[in-house]
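Work through the two exercises below with the structure open. Each solution goes step by step.

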Amino acid sequence: MTEITREAVLEVLTQVIEPNKQQSLVALGMIDFVSVCDNSVKVDLIFPSTDYPQRDQVLQAAREAIQALPDVKLTTVGISLKTPAATPAFQRPANKPTAPVAGKQLLPNIKNVIAVSSGKGGVGKTSVSVNLACALTQLGYKVGIVDADIYGPNVPLMMGLRHAKITGESPEGKPLPPENHDVKVMSVAFLIKEEQPVVWRGPLLDRIIRQFLSDFEWGELDFLLVDLPPGTGDAQLTIMQGASLAGAIIVTTPQEVALHDSRKGLAMFTGQNIPCLGIIENMSYFECDHGQRYEIFGHGGGREAAEKLGVPFLGEIPIVVEQRERADLGQPMVIAAPDSKQAAVFREVAEGVVANLRRVQEQNKVAAHV
Ligand SMILES: Nc1ncnc2c1ncn2[C@@H]1O[C@H](COP(=O)(O)OP(=O)(O)O)[C@@H](O)[C@H]1O
Ligand SMILES: [Mg+2]
């Protein structure tokens, strides 16, 4: 028997085309949930409205696509209770708070460029970047992300922009960064093919990032997060030199190795006079359905390192399976499950980032527009 995976289900759903927009259900973010158990598949679709006329046609097409998978047992295609209009439970506040403003500004319209870094890959740097970006929009800020992680440019995937292309243009003829969940995104992934190996050199990388910042029409942004490549080498340094950073965030996991790396990461920023806005400990613990807590990678290392290094600690983010599943579908938890504990944690982290930035800028006597 061929074992059916979630990826295989998503793959066939990329071939199901929504009749109005002529794009796949996956590209349009219409897949709310996919679960596979012993070759039985359950999928929930999100429809644009409760009276969506193509409802039955799309349900039928999705069902048929899944039923064509070899050895599939039961196929259930349901309708998610969410509609896109209802999904962003957090409306932008009417009185948008004013963001603090960095001293040296590369572009007048981008107030604060903030790097998100990690000593090594796989610690959840991109997951944190996308959820933090969405949490900042929910606090009322205008936000963009530059995906500078040339080794694994995953921001488009996690932001539901996997198949996005750079098509729009400003009246002045500048290309527009693709946008989803109220966040503008520019990524090296939009410029390269998925299967293409990425071999870049420092100077080229520096130029690309500068171009992302200066040649694209970002509009006004309070925060532009830069998802850096993991590590503390030349590539990271060139990007930082090109971007006039207002601050940096270090993402780590609780183990000692990761902490060792974040020490190096911190040194890299302080060496460039870039303030560290805090350390985030990701994959802190796992809580099972019965409330039992497992500290898989140890615990508390992030807070301890922050104390030792004299930088703020921004929070502990637990391992949540739903987060990973949704990440693959381009649905950050903060948007897709705004009432979850995980979303609340990310919002606290976002508030911490804003508060720390404001404090640093006040200390440095930078005109902080609070
Ligand atoms: N707190 C978390 N809970 C569950 N899964 C997570 C969490 N953080 C990251 N992941 C998952 O771990 C994998 C690696 O995370 P990613 O953000 O891509 O790391 P990085 O950008 O540091 O390489 C992804 O599949 C992501 O969805
Ligand atoms: Mg990444």
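A residue counts as buried if 20 or more other C-beta atoms lie within 10 Å of its own. The model used here is predicted.

**Exercise 1. A strand and its partners**

State how many residues of strand β6 are buried, and find the strands that β6 pairs with.

Solution. 

Step 1. Take strand β6, residues 110–117. Apply the burial cut-off: eight of its eight residues are buried, and the strand is mostly covered.

Step 2. Look for bridges to strand β10, residues 221–227. Six bridges join β6 to β10, and the two run parallel. Pick out one pair: Val 116 has Asp 227 in β10 as its bridge partner.

Step 3. Turn to strand β11, residues 247–252. Four bridges join β6 to β11, again with the strands parallel. Here Ile 114 has Gly 247 in β11 as its bridge partner.

**Exercise 2. Two helices in contact**

Describe how helices α1 and α2 cross, and name the residues that meet.

Solution. 

Step 1. Start with what to report. Two packed helices are described by the angle between their axes and the distance between the axes.

Step 2. Locate α1 at residues 6–13 and α2 at residues 55–67. Their axes come within 9 Å and cross at roughly 130°. Class the angle: α1 is therefore oblique to α2.

Step 3. List the contacts. Val 9, Val 12 and Leu 13 of α1 meet Ala 62, Ala 65 and Ile 66 of α2. Sorted by class, this contact has six nonpolar residues, no polar ones and no charged ones.

Note on methods:
Residues numbered from 1 in each chain as written. Chains lettered and ligands numbered in written order. Predicted model: local features only at pLDDT ≥ 70, side-chain atom pairs only at ≥ 80, totals over all residues. Axes fitted to C-alpha atoms, helices over the stretch in contact; angles between N-to-C directions. Parallel < 35°, antiparallel > 145°, perpendicular 65-115°, else oblique. Contact = placed C-beta atoms within 7 Å. Nonpolar A, V, L, I, M, F, W, Y, C, P; charged D, E, K, R; others polar. Buried ≥ 20, exposed ≤ 12 C-beta atoms within 10 Å, placed from the backbone. Pairing = 2+ DSSP bridges.
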